[in-house]
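Here is a short briefing to read beside the sequence and the model. Keep both in view and find each residue as it comes up.

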Amino acid sequence: MKELSLKFKNGNGKASHLKLRYVSEDLTESAVRAAMKTIAESNVVVDKDNHLTYVTPVSAQYIDTVNTVIFDDEPAKKPHALTPPVSSAPETAADTAQPQV
């Protein structure tokens, strides 16, 4: 899964990150810069000390995460049973006739 990591400087000049999942994977630099500028100019996100969290856009990157299982002791899930389709046509003698040898 890819996520978009946006790095800003906060009100104290320190790094602050905003990570977004389920994003389009073909965003352009100009679109991301514009979005980050809008976020920074909104002045709505503050930290616990009431300092602005996203003040200056610094960088943006996709992070591609690959999960590699080392072990998994969880019981396997049962697959969903497939049921044969039900015919709405009545059965005829030809359907049940046995071939003659």
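Which residue forms a salt bridge with glutamate 25? The partner is lysine 2, and the closest N and O atoms are 3.8 Å apart. This is a predicted model. The points below start with charged pairs, then move to strands, the helix and the core.

**Salt bridges**

- The structure holds three salt bridges.
- The pair of glutamate 25 and lysine 2 links distant parts of the chain, 23 residues apart.
- Glutamate 25 sits in the loop between β2 (15–21) and α1, while lysine 2 lies in strand β1.
- Glutamate 25 is exposed, at 52% relative accessible area. Lysine 2 is partly exposed, at 30%.
- Glutamate 29 pairs with arginine 33, with the closest N and O atoms 2.8 Å apart.
- Both partners are in helix α1, four residues apart, which means that about one helical turn separates glutamate 29 from arginine 33.
- Glutamate 29 is exposed at 56%, and arginine 33 is exposed at 58%.
- Glutamate 41 forms a salt bridge with lysine 37, and here the closest N and O atoms are 3.9 Å apart.
- Glutamate 41 and lysine 37 are also four residues apart in α1, separated by about one helical turn.
- Glutamate 41 counts as exposed at 54%. Lysine 37 is partly exposed at 48%.
- Why can such pairs form? Side chains of opposite charge can pair when their charged atoms come close.

**Strands**

- β1 runs antiparallel to strand β3 (residues 56–64), and eight bridges join the two.
- Lysine 7 has serine 59 in β3 as its bridge partner.
- β1 also runs antiparallel to β2, joined by seven bridges.
- Lysine 9 has alanine 15 in β2 as its bridge partner.
- β1 and β2 form a hairpin with five residues between the strands. In this hairpin, glycine 13 takes a positive phi near 85°.

**The helix**

- α1 has 14 residues. From first C-alpha to last it reaches 20 Å, close to the 20 Å expected at 1.5 Å a residue.
- Which residues of α1 are buried? They are Val32, Met36 and Ala40.
- An α-helix has 3.6 residues a turn, so residues three or four places apart point the same way.
- The buried residues of α1 pack against β1 and β3.
- The face turned away from the buried side carries the exposed residues Ser30, Thr38 and Glu41.
- Just after α1, asparagine 43 takes a positive phi of about 50°.

**The nonpolar core**

- The largest nonpolar core has eight residues: Leu4, Leu6, Phe8, Leu18, Val32, Met36, Ala40 and Tyr54.
- β1 (2–9) and α1 (29–42) each supply at least two residues of this core.
- Val32, Met36 and Ala40 belong to the core, and they are also the buried residues of α1.
- What does leucine 18 touch, leaving aside its neighbours within four places in sequence? Leucine 18 is in contact with Leu4, Ser5, Leu6, Phe8, Ile39 and Tyr54.

Technical notes. Residues are numbered from 1 along each chain as its sequence is written. This is a predicted model: local features need pLDDT of at least 70, side-chain atom pairs count only at pLDDT 80 or more; totals for chains, interfaces and linings use all residues. Side-chain values use heavy atoms; hydrogens and water are left out. A nonpolar core is a set of buried Ala, Val, Leu, Ile, Met, Phe, Trp, Tyr and Cys residues joined through side-chain atoms within 4.5 Å. Buried means under 20% relative accessible area, exposed over 50%, partly exposed in between (1.4 Å probe, protein chains only). Contact means heavy atoms within 4.5 Å. A salt bridge is a side-chain nitrogen of Lys or Arg within 4 Å of a carboxyl oxygen of Asp or Glu. Two strands pair if DSSP finds at least two bridges between them. The expected span of a helix is 1.5 Å times one less than its number of residues.
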